[in-house]
Amino acid sequence: MLISADTAFAETAKTETALPTNSAANQAASTRTSDETISDWKAWVRDHAYGIKSIEPEKTVNGRVPSDRFADLNMLKPLLHDKRFVFLGESSHGAAEYNLAKTRLIQFLHQEMGYNVLAFESGLSNSAIANGRLKEQSAEQTMKDSLLYVWWTQETLPLFDYMKETQKAKQPLKLAGFDIQTDLPFINGDWLKDKELTKRLAETEEALFKWQMSKDIEGYRKAKPSIVKVYEQVKEQLKTHEQELTKAYPNEPQIVKLLDRALSNRIRLAEEYVEITIQAFEGAEKGDMTMFVKLSEWRDQAMVDNLIWLATEAYPTEKFIVWGHNGHLRKANSEVMGTSFPVKTLGEMLPDQYKQISYVIGLYATEGETAGNDRVPIKVLTPEPGSVEDILSAANQPFTFMDLRYRLNERGNSWMFEPRFAYDWGSIKESLIPRTQYDGILLINKVSVPQYINK
């Protein structure tokens, strides 16, 4: 049937008049309340999250974990198959279950996927020396020699037991550090065969540590040349004493190269970092955090430099597992809202070419207690409705893993792509876009304070 122009116009006018009413009705029907949105998110999580059966480190049989013990972690293989770096974060350094879970993940990554270097947020030199003696000393001593005291726990020990056992294997798990802080002891100078220089090295180490606690910046500037000179003198002796070092640290073939890097770090720290530290504490007393931001970013840039150096110079053919705090490892820390002062950290500073071959996992908890670096317990606060912890807890699993990196934005997972609350240290509320910060998240339902080990 033919329709006249007048009739067609009239029909169009009717349609256009009716559209706003129909559109408004459709929009009202599709618009969700906050509670409905959260309910949709939780339903999606129940369909897409992975439950992990256990966080207890596995026992080895003849130096190897039976592969069927890792069946629940096999879903990680396609996510990580082309990644050279796996970053294992944590919202607190003081959670027993984080130490256990990361140990089991490390066992899996090492044995099943060929990640042969474990790099800790601890001193480069300390870890190199500890790795050099790994076979001949106890697992506990290796832990104490290499790690900052926040990880001296009964729950971390199985990692070092496993590491020691793997030294008999064709592909042992190596220990490395990428931090630059003045954690003591730095290096035993007995190999120098020079009592005077050995003594001055020990005194310089103590002095450098004390100067960081000082407020006397002019005094430090006067002392700095002599401090730097001692490190330079020790550095010059490395090649001469290569045989002694190799004999002293037989499990680390790269010991000379690693200590050379560590001494370069010390020189850089003495020349720049100590003065920034003194200025940062002076500014903080006046309410000015400018230098604290600079101090924090200086340290993280140094950690980036060390990690890249380890991957290109010390272990150029190996894949890395990196252990540190969420705040250091996440990909855009300066965009997190709610921190005392947003700063760029290691994960954000990492060059794009390394980000592309990395996978960053953040660890969070729903309830329980963690501990601060002073080992004092901190209650994990009840998650905010619609927070990262609240949404993921809908999986109703004790240990829940969610991949974020390989998800497209859809109705049920839009929470990944918009600001959500999450608790740092279990008690500091932050707002972040989960997928911007992490490639995956591991939620542990309940955490507790570690069983700490003293000196």
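Within helix 6, the residues A139, T142, M143, K144 and S146 are buried, where buried means under 20% relative accessible area, exposed means over 50%, and partly exposed lies in between (1.4 Å probe, protein chains only). Helices (H or I, at least four residues) and strands (E, at least two) are DSSP runs, numbered from the N terminus. The model is a predicted one, in which local features need pLDDT of at least 70 and side-chain atom pairs count only at pLDDT 80 or more, while totals for chains, interfaces and linings use all residues. Residues are numbered from 1 along each chain as its sequence is written, and side-chain values use heavy atoms, with hydrogens and water left out.

The cover over the buried residues of helix 6 includes strand 3, helix 5 (124-132), helix 7 and strand 4 (174-179). Helix 6 (residues 139-146) packs against helix 7 (residues 157-165) at an angle of about 110°, and their axes are 8 Å apart. Axes here are lines fitted to C-alpha atoms, for helices over the stretch in contact, and angles run from 0 to 180 degrees between N-to-C directions. Helix 6 and helix 7 are therefore roughly perpendicular to each other; angles of 65 to 115 degrees count as roughly perpendicular, those under 35 as roughly parallel, those over 145 as roughly antiparallel, and the rest as oblique.

On the side of helix 6, A139, E140, T142, M143 and S146 take part, and they meet L157, F160 and D161 in helix 7. By class, this contact of helix 6 with helix 7 has four nonpolar, two polar and two charged residues. Contact means heavy atoms within 4.5 Å. Ala, Val, Leu, Ile, Met, Phe, Trp, Tyr, Cys and Pro count as nonpolar, Asp, Glu, Lys and Arg as charged, and the others, Gly among them, as polar.

Strand 5 (residues 319-323) is mostly covered, with four of its five residues buried. Strand 2 (residues 85-88) runs parallel to strand 5 and is joined to it by four bridges; F85 stands opposite F320 of strand 5. Strand 3 (residues 115-123) also runs parallel to strand 5, through five bridges, and Y115 stands opposite K319 in strand 5. Two strands pair if DSSP finds at least two bridges between them.

Most residues other than glycine have a negative phi. N62 is not a glycine, yet has a positive phi of about 55°. N62 is found in the loop between strand 1 (50-51) and helix 3 (77-80), and is exposed, with a relative accessible area of 82%. N396 likewise has a positive phi, near 55°. Its place is in the loop between helix 16 (388-392) and strand 8 (399-403), and N396 is exposed at a relative accessible area of 63%.

The chain as a whole may now be considered. The protein chain has 17 helices and eleven strands, and its C-alpha atoms fill a box of roughly 105 × 60 × 45 Å, taken along the principal axes. Buried residues make up 54% of the 455 residues. Among contacts with a separation of 6 or more, 78% are between residues 24 or more positions apart.
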